[in-house]
Amino acid sequence: MPVRTPDPDPNDRADDGASGSRSPLSSGAFGSPSQGNAANPGWLTDIELAEARRRLPILYVEAVPVRTDGVGAVIEVGILLRATPLGEMTRSLVSGRVRYGESVRDALFRHLENDLGPMAFPLLPPQPVPFTVAEYFPIPGLSAFHDDRQHAVSLAFVVPVTGTCEPRQDALEVTWMAPEEAASETLSAEMEGGRGTLVRLALASVGALR
């Protein structure tokens, strides 16, 4: 199943190139903001986004939310339940594009808040370090990850969260699972774009995969 990152953010439609009530190409220049989007020079219309995806790798961040015990060991992994545009139910992770001029840390925080709610309280260090770099290709078989829309390069992070998660956007719920369940083949079959592999890599990176 192709990966489906959460585009658009409901409160950031100008950033994510989602369909809606906006003018298409306003000036003919690639990346030129339309009326009402002048504050974001990296905004792309639907047409421009499709063209960028056809020509360029797109940078994403992905987060595997976890809960830890008193000594920092991972005891639960948060997996999102999403509805696809076709009405199918699938499992996924916190994920989204990095904006023009945005730091990786800020992008991580934004997508965690968008998907898990403002009370999730993620613990992000000043300089987050990804546990892996995942490459999603539109052609199946080139890597463990697949996205039929684009070539996406994703920086993947394990992020402890300490607050209450109330999923938003197209995330219907967050299911907290024991590491063994999150790493199972059963869950991997339900996850999009090969992200079951990403979960297992995340758990291995923190010593939680046995």
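A residue is called buried when its relative accessible area is under 20%, exposed when that value is over 50%, and partly exposed in between. With these words in hand, the structure, which is a predicted model, can be read piece by piece.

**Confidence**

The mean pLDDT of the chain is 83, and 80% of its residues reach 70 or more. Over residues 1-36, however, the pLDDT is below 50, although this stretch has 98 contacts in the model beyond near neighbours in sequence. Where pLDDT is low, the predicted coordinates should not be read in detail.

In soluble globular proteins, nonpolar side chains tend to be buried together. Here the largest nonpolar core has 26 residues, and those with the most contacts inside it are Val-77, Ile-79, Leu-93, Ala-182, Leu-198, Val-199 and Leu-203. At least two residues of this core come from each of α2, β1, β2, β5, β7 and α6. Apart from it lies another core, of 18 residues, among them Leu-116, Phe-157, Val-159 and Cys-165.

Leu-93 shows how parts of the chain meet: leaving aside neighbours within four places in sequence, Leu-93 is in contact with residues including Ala-63, Val-64, Ile-79, Asp-115, Met-191, Leu-198 and Val-199.

An α-helix has 3.6 residues a turn, so residues three or four places apart point the same way. In helix α6, which spans residues 195-205, the residues Arg-195, Gly-196, Leu-198, Val-199, Ala-202 and Leu-203 are buried. Because they cover an arc of only 155° around the axis, they are on the same side of α6. In helix α2, the buried residues are Glu-48, Leu-49, Ala-52 and Arg-53. These cover an arc of only 135° around the axis, and therefore they too lie on the same side of their helix, α2. On the other side of α2, Ile-47, Arg-54 and Arg-55 are exposed.

Leu-201 also lies in helix α6, but this residue counts as partly exposed because its relative accessibility is 37%. Leaving aside its neighbours within four places in sequence, Leu-201 is in contact with Phe-131 and Thr-132. The C-alpha atoms of Leu-201 and Phe-131 are separated by 7.8 Å, while the two residues are 70 residues apart along the chain. Just after α6, Gly-207 takes a positive phi of about 70°.

| Residue | Relative accessibility | Class |
|---|---|---|
| Arg-110 | 10% | buried |
| Leu-201 | 37% | partly exposed |
| Phe-121 | 43% | partly exposed |

Arg-110 sits in helix α3, residues 104-116, and a polar atom of the Arg-110 side chain lies 3.1 Å from the backbone oxygen of Arg-97. Phe-121 is found in the loop between α3 and β5. Phi of Phe-121 is near 55°, which is a positive value in a residue other than glycine.

**The aromatic pair**

A pair of aromatic rings is described by the distance of the centres and the angle of the planes. A search of the whole structure finds one aromatic pair, formed by Tyr-136 and Phe-145, whose rings are 5.2 Å apart centre to centre with 50° between the planes, so that the pair counts as tilted. Both Tyr-136 and Phe-145 are buried.

Terms used: Residues numbered from 1 in each chain as written. Heavy atoms only, no water. Buried < 20%, exposed > 50% of the residue type's maximum accessible area, 1.4 Å probe, protein only. Helix = DSSP H or I, 4+ residues; strand = E, 2+ residues; numbered from the N terminus. Arc of directions from axis to C-beta. Contact = heavy atoms within 4.5 Å. Core = buried A, V, L, I, M, F, W, Y, C linked by side-chain atoms within 4.5 Å. Polar contact = N/O pair within 3.5 Å; in protein donor to acceptor, adjacent residues only side chain to side chain. pLDDT = per-residue confidence, 0-100. Phe/Tyr/Trp six-rings, centres within 6.5 Å; stacked < 30°, edge-to-face > 60°.
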